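Good morning, colleagues. I shall speak about packing in the structure now coming up on the screen.

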Amino acid sequence: MPAEEMGKVTDRMRLVFAVSSLIFLAVLAISPFKDYQREWKQYKRSYLRFAQVRPDTKRLTADYSPDIDQIWLPGMNVVDRCTTCHQGITQASLADRSVPQPFRAHPPIPHNVREWGCTICHRGQGPSTEVAEAHTSTLAWEQPVLPTHFIQASCGTCHQSDLPQAPQLARGRRLLAEFNCQGCHKMQGIERPAMLGPDLSSIGTKVSREWIYKWLKEPRTMVDKDGNVTVNGYETEEAPRMPKFRLTETELRALTAYLSVQKAKPIRRYGISPAVVAAWSKNPELISQGELRFRQMFCTTCHSLAVMRAGETKLIGGDIGPELTKVGSKVNPDWLIAWLRDPEGYLPHTRMPRYGWSDEDLYKVTQYITTKLVDSDLLRDVPELDPPTDAEIQLGRRLFTEKGCASCHVLEGLSPQKEFGPDLSAFGGKNASELEFGGAKIPHNLVSYIQAKLEDPASVNPASRMPQYNWNQADLDAVSTALLSMKGPPPTSAFENLVVPRKESSFRPAGSFADLYERYKCYTCHQFSGYGGDLAPDLTYEGSRAQRQWLVEFLKSPQTLRPTLILRMPQFNMSDKDAATLADYISTVLQHPAVNPATTDAKQFTPAMATLGKQLYEVKFQCQSCHTIGGSGGYVGPNLNNAGAWLTPAWIEAWLRNPQALVPDSIEPRRNFTDEEITALTAYLLSLRAASKPQKTAFRTGAMASGQGAGR
Amino acid sequence: MRIRGLAIAALLIVAVSTASGCRKHRETVKADPLLAAYDSEPDWNDSTKMVSLGYEQAQGKRVFYQYCVWCHAEATPAGPSNRSNLTPVPPLLADGSTLNAQSDNYLETIITLGGSAMGKSAMMPPYGRTLSPEEIRSVIAFTRAIAQPPYQPPGRPGSQYSPK
């Protein structure tokens, strides 16, 4: 190549180099500018400008650094850079809602943000430094920020015991147990209740094949003319537990055939004395008398009935037992009598107590139920069903396991399939890519998936075996929260000591008390050492509180002590001997360790003390704002008309000293009484005696408001 | 020539990619006020409206419905309210026209020490030995959240400064 040409090439190359150097310089100049303009740096600078105009600039900028801030907790696998932008998170003066995000302080919570980081509760991508990447899911980052509405799920990831601060989570967990979700799914921390669905071993003796057909086809909408989804045609707050299965006509016929021949225990017919029948069968008062007895026995404490109120039909009553509005058209009358006399004879795990029935009461009440609580249209839409054939029964038996019926219902010789539904114990931590959305037009994230699946399982998977439940939005959100909380074992073993195991019952009575405790099913409504229902007062320490003689009288003829509460304790027609056995056991065994009867003696209180106590009660402390004595006073606490016959002196003193030491969630405020004041008030309360037996509260179904937990 | 073409192409790629950076389409998190709330409470004057509550206010709601609702609401979970039995009639919790004028400090003291300590009716009992200071503050936060007319915190620097 000639030198001249080489020179030319060199010149051109020089030009290229010059141009490229200029571009390179420009690029070099751009990149610091681009770096300067990065999202998180803009937030850093605007925080400084923001802090300048606040009165406490110095404190707000004390630990400011222009770099990325990071909370690094190697033990918990936390690398959170959220505080790079959320710089005011621990500044108390920035708590106000007028402070713009991302600088607002975190509201006060039981955990320190610096110790726990952000993503443990809020999810999202901790290491990310861009707004969108940190908060939403992208291909590379899969955990979007958890909507605050479901944030209680994060409490449940570590805290297996129920927290009062997270009511939605607690409700969700309770619903998971109530709806038998663990019948099919393995779940973390949710116990399988003793009885899921009813035992069906003798269902053929109780109901007809036609009724089963109707129930399986539409468990919720047995009467529904307007297309509303309602329970048995009535508006109710309580969602029914039996879900709707998508069954074909053949499957319906097979299952009804199989169930209608289940008669493991034949009915033990009971003949009501002919004299009683003869005396009452022609009496026009029979049905109204039956209704009266039905109410007097407080059946509606546990069972509900449809009642017309202000033009609306509503279910009024308890939800412990089934709704009874149409039970007369459902059950076989012979079965009904046998059931009322001995519920455990049909269903060993029932919560229904065994009343002491006289033939007269039994006749009146069963006549009322089979005459009044009926609906002749109940089975109108059911096709005529012939006697079951062997082929139908065989298919029904197979379907009972395949459809998952055996997961909730007990039936002789059939056991549930193992791992019937997917394991959900780590479901709450799943990424969207692990979920099957099918054709559902919903946002692809875990929360939307859970809500869609719960609302209609077929929407995300038409072949799903999961039946359809009927939730309201609040329940749906609560159950979603509980499911989101199940992320497998807590973050690392070092934090397992946070996890408190669920309570087990330590109350196992023995002897004649145990027989009565089982017969009257006290635990259905009352709590004993953390075990039992929440409809009625906790009786763990009842022996310290109530005098023995008062207990005997109460058991024989229950009274309500709270003006706003409707008495719901049934009259069991208890014998004197039974009442005495129960009262003896309660007053000797159910004692509070902090209440010592030896420290006080009723004789030590003088009338002068009582006079002083009355003055303290009425003037200084104005206890009448909550308690009633003699017809005037407040509705909040129990009435004290008969306090002298009801409460023990030791209990009153201990209670005045510190109510929460005896009943931790009592709303009675703990006062700063002096010893003299306590003695005077005790003397006054002990002097209060009801002149005669107070009138029993009239039964009003309309006021069956839930006063749960309020106690007496 | 081929070298120059390649060099220019390479430079252009570097320049364009640097200039455009890796700026991505920015998604915003859904801003439903109730999804961003820890809990919610129906407006006491209009039950179709929901007031969204933060964590502290939600704790206050819980405390309120356990301890205070019996006298400071029209209806209680157990039925009729105790308000009608009391003279003077206690204010409703959402009554902004009465409570907005009181400072947080005043409310904290009257809940802690009772009405008689502040020259009011002794019917309001002291809760300082039953509730923790946090619980009492949370009830006040709940009051402020549901107040009608709405509560305006006094003395806050009214900076309208926003980062963008």
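B:Phe64 touches B:Val69, B:Leu93, B:Val139 and B:Phe142, leaving aside residues up to four places away in sequence; two residues are in contact if their C-beta atoms, placed from the backbone, lie within 7 Å. This is a predicted model, in which local features need pLDDT of at least 70 and side-chain atom pairs count only at pLDDT 80 or more, while totals for chains, interfaces and linings use all residues. Residues are numbered from 1 along each chain as its sequence is written, and chains are lettered from A and ligands numbered from 1 in the order in which they are written.

B:Phe64 belongs to the largest nonpolar core, which has 115 residues; together with A:Leu483, A:Leu685 and B:Val139, B:Phe64 touches the most other members. A nonpolar core is a set of buried Ala, Val, Leu, Ile, Met, Phe, Trp, Tyr and Cys residues joined through C-beta atoms within 7 Å. A residue is buried if 20 or more other C-beta atoms lie within 10 Å of its own, exposed if 12 or fewer, and partly exposed in between. Helix 2 of chain B gives the most to this core, with 9 residues. A second, separate core holds 14 residues, among them A:Trp211, A:Tyr213, A:Ala257 and A:Cys405.

Helix 2 of chain B spans residues 55–72 and also contains B:Tyr67; helices are DSSP runs (H or I, at least four residues), numbered from the N terminus. Is B:Tyr67 buried or exposed? B:Tyr67 is buried, because 23 other C-beta atoms lie within 10 Å. Residues up to four places away in sequence aside, B:Tyr67 touches A:Ile667 and B:Tyr127.

I turn now to helix pairs in chain A. Helix 11 (residues 249–260) of chain A packs against helix 17 (residues 390–402) of chain A at about 95°, with the axes 7 Å apart. Helix 11 of chain A is therefore roughly perpendicular to helix 17 of chain A, a term covering 65 to 115 degrees, whereas angles under 35 count as roughly parallel, over 145 as roughly antiparallel and the rest as oblique. The residues of this contact divide into 9 nonpolar, 1 polar and 4 charged.

The axes of helix 14 (residues 333–341) and helix 16 (residues 359–372) of chain A come within 11 Å and cross at roughly 135°, so helix 14 of chain A and helix 16 of chain A are oblique to each other. Helix 14 of chain A contributes A:Pro333, A:Leu336, A:Ile337 and A:Leu340 to the contact, and helix 16 of chain A contributes A:Leu362, A:Thr366, A:Ile369 and A:Thr370.

Terms used
Axes fitted to C-alpha atoms, helices over the stretch in contact; angles between N-to-C directions. Helix = DSSP H or I, 4+ residues; strand = E, 2+ residues; numbered from the N terminus. Nonpolar A, V, L, I, M, F, W, Y, C, P; charged D, E, K, R; others polar.
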